[in-house]
Amino acid sequence: MVIILTACQTTSSTQSPTSSTQSKAVQSTPKSQLPPPPEGYTAILIDDLEDGNRFNQFRGTWFTYDDRYDGGDSQVNPEGYSPFRPKQCGPANSDKCAHITGKVTTTYPDGYIGMGTDLNNPNDPIDIRDYDAIAFWAKGDGKTYRLKLRSPATSDYDDYGYNLTPTPEWKRYVITLDSLKQEGTGKPVSADEALSQVISITWHTQGQPHDSIELAVDNLRFLKSKPE
């Protein structure tokens, strides 16, 4: 199930990471006034980016990437593999967001750019099966991007993910983990195996070429269903 929202729906709580990840999490109070999660969920903050640095609440880092190591010449800004800094942008009650621009060429036939955030440092896999959904705000250029949960369990980058098409208006996306699928380009792996060892969350361009790319993301959280 995927829910796309343009406004808050109900009041609930935002929690620190669960006990399975608490030792890895940065204990700090988010500065933005985060909108409440949808009814029936509690939220575990990954990052609201308001501290202005490249680290999230799980001590992982934000990053950008492109196809240079595949022989391509697609370009991402901020430059791929360089230190990441949030940009002055965001939905209501937020000052900063993760933001990329760039272009995608066909020099590498499957050219791409993207951005993401690791869930640990060093990059050890994390079991996210206790969560039920991923929520974030996004706006874009009307092109399609793929949310991907990178896992060492999957091959050929055929990670579990979901395609979305952000528009220039900020919208909140709630994507349940059971709606994530592989694309079929690599070896089939069960969701249980892949989600038990996730290393990062990325937003990856789809198709090529693209003369221009623009995507912004903010207020990234895991959601957990409240007990009935």
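**Rings and core**

Mentor: Trp62 and Phe84 are both buried. This is a predicted model, where local features need pLDDT of at least 70, side-chain atom pairs count only at pLDDT 80 or more, and totals for chains, interfaces and linings use all residues. Residues are numbered from 1 along each chain as its sequence is written, and side-chain values use heavy atoms, with hydrogens and water left out.

Trainee: Why is the pair of Tyr131 and Phe222 called stacked?

Mentor: Rings of Phe, Tyr and Trp (its six-membered ring) pair if their centres lie within 6.5 Å; planes under 30 degrees apart count as stacked, over 60 as edge-to-face and the rest as tilted. Here the centres are 4.3 Å apart and the planes are at 5°, so Tyr131 and Phe222 are stacked.

Trainee: What makes this pair a tie between parts 91 residues apart in sequence?

Mentor: Tyr131 sits in the loop between β8 (113-118) and β9 (133-140), and Phe222 in strand β14, so the pair joins those parts. Strands (E, at least two residues) are DSSP runs, numbered from the N terminus.

Trainee: How do you know whether Phe222 is buried or exposed?

Mentor: Buried means under 20% relative accessible area, exposed over 50%, partly exposed in between (1.4 Å probe, protein chains only). Phe222 has 1% relative accessibility, so Phe222 counts as buried. Tyr131, at 3%, is buried too.

Trainee: Which residues touch the most other members of the largest nonpolar core?

Mentor: Phe222 is one of them, as are Ile128 and Trp203; the core has 40 residues. Such a core is a set of buried Ala, Val, Leu, Ile, Met, Phe, Trp, Tyr and Cys residues joined through side-chain atoms within 4.5 Å.

Terms used. Helices (H or I, at least four residues) and strands (E, at least two) are DSSP runs, numbered from the N terminus.
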